[in-house]
Amino acid sequence: MGNPGQKQCSHAGTSAKDYRMDNQRTSGSQDVTDERAYVLSEGEYQRMRKDEIRSWNERNGTSPIEADVERFLTDVLSLEWVPKTGKAIELGCGTAPIARWLAGRGWSVTGVDVSPTAIEMARAQTDTDDVEFIVSDVTNMAEVKDGTFDLAVDGLCSHYITEVDDRTTFLRETYRILKPGGCFVLMSMALPILPDDFRRMHGVIEEGKILAKCKEGQRYKGAVLLEDEWYIPVSRLEHWQDLLQALQHHDIEPRLFRVALCHPEDPLSYIAIAALRR
Ligand SMILES: C[S@@+](CC[C@H](N)C(=O)[O-])C[C@H]1O[C@@H](n2cnc3c(N)ncnc32)[C@H](O)[C@@H]1O
């Protein structure tokens, strides 16, 4: 992603407006299409398959499951109020390292991802009947019955859901497919950020959304034109306190949370939450 600095900007379908990084203005966006940027992960998995990269993290040379993630999941599963076995779902499973990790601990797991190629790769890497897969958008899992799961794990996909209405449906869907007394583990990038370091390393952020350059950007919801280049929202950063509140609003009660606050080497914050589905 580039770092365009201060630029003239227009949202898809609107005239040019003054644009400043990190500004607080409300976008007057009139979207020309309804396509969400997260469908682009399909292209990323096709490239990974061609390059024989087996998981999302391995693109960056890190291990398939980060140590922090493994530690948090291990701690959560040891909590007294968290079911010990049963049915689990990983939301945004990619090639499914977390789903297989759960299966190795006795869970019967369903992995869901919006990318068909990710699911094909996941199937090829999985040699147990304890994991099944569905290609689906986690904001609409019509094929999953109400109250099916004891455990739902966000496989670091929630920050890719950039639109507020989609995030609301995502939480509503998660509530719906969990059993009462089930556990939801949300893991996400979050605010606050260190703006200068963030800009240097990741580029543009506007209204809590990370924007990436995209040639055909105008096709995507929330697209922004910066000096003749289209940018699309690829991730949404919410303040970790807002995430806790959003869960409560959906009758999902946060009980354990960890925050890794931003620092100059990593200007983003991260949150992991374990919550009880009431
Ligand atoms: C950071 S990757 C992590 C993948 C996997 N959990 C792992 O640990 O390797 C996030 C995943 O979320 C998926 N994703 C993003 N938005 C989604 C959506 N709306 N519905 C389903 N999957 C989605 C992407 O395709 C991607 O595989």
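How do the axes of helix 1 and helix 4 cross, and within what distance do they come? That was what I wanted to look up today, in what is a predicted model.

**Entry 1: the helix pair.** I find that the two axes come within 7 Å and cross at roughly 40 degrees. Helix 1 and helix 4 are therefore oblique to each other. On the helix 1 side I list Glu 42, Tyr 45, Gln 46 and Arg 49 as making the contact. Helix 4 brings Pro 116, Thr 117, Ala 118 and Met 121 to that contact. Sorted by class, I get 4 nonpolar, 2 polar and 2 charged residues.

**Entry 2: the sides of helix 1.** Next I went along helix 1, residues 41–50, and noted Ser 41, Tyr 45 and Met 48 as its buried residues. They cover an arc of only 55 degrees around the axis, so they sit on the same side of helix 1. The general rule to keep in mind: an α-helix has 3.6 residues a turn, so residues three or four places apart point the same way. What do the buried residues of helix 1 pack against? I looked, and the partner is helix 4, residues 116–125. On the face turned away from the buried side I found the exposed residues Gly 43, Arg 47 and Lys 50.

**Entry 3: the ligand.** Which residues come nearest to the ligand? Of the 24 around it, I wrote down Ser 41, Gly 92, Gly 94, Gly 155 and Cys 157. The elements giving two or more residues to this shell are helix 3 (97–103) and strand 4 (108–113). By class I have 13 nonpolar, 9 polar and 2 charged residues in the shell.

**Entry 4: Val 234.** I then picked out Val 234, which lies in strand 11, residues 229–236. Is it buried or exposed? With 20 other C-beta atoms within 10 Å, Val 234 is buried. Setting aside neighbours within four places in sequence, I see Val 234 in contact with Ala 37, Ile 210 and Ala 212. I also checked His 159: it is 75 residues from Val 234 in sequence, and the C-alpha to C-alpha distance is 8.4 Å.

**Entry 5: the whole chain.** Last, the totals. I have 7 helices and 14 strands in the protein chain. Buried residues make up 41% of its 278 residues. Among contacts with a separation of 6 or more, 66% join residues 24 or more positions apart.

How values were computed: Residues are numbered from 1 along each chain as its sequence is written. This is a predicted model: local features need pLDDT of at least 70, side-chain atom pairs count only at pLDDT 80 or more; totals for chains, interfaces and linings use all residues. A residue is near a molecule or strand if its C-beta atom, placed from the backbone, lies within 6 Å of it. Helices (H or I, at least four residues) and strands (E, at least two) are DSSP runs, numbered from the N terminus. Ala, Val, Leu, Ile, Met, Phe, Trp, Tyr, Cys and Pro count as nonpolar, Asp, Glu, Lys and Arg as charged, and the others, Gly among them, as polar. A residue is buried if 20 or more other C-beta atoms lie within 10 Å of its own, exposed if 12 or fewer, and partly exposed in between; C-beta atoms are placed from the backbone. The arc is that of the directions from the helix axis to the C-beta atoms. Two residues are in contact if their C-beta atoms, placed from the backbone, lie within 7 Å. Axes are lines fitted to C-alpha atoms, for helices over the stretch in contact, and angles run from 0 to 180 degrees between N-to-C directions. Angles under 35 degrees count as roughly parallel, over 145 as roughly antiparallel, 65 to 115 as roughly perpendicular and the rest as oblique.
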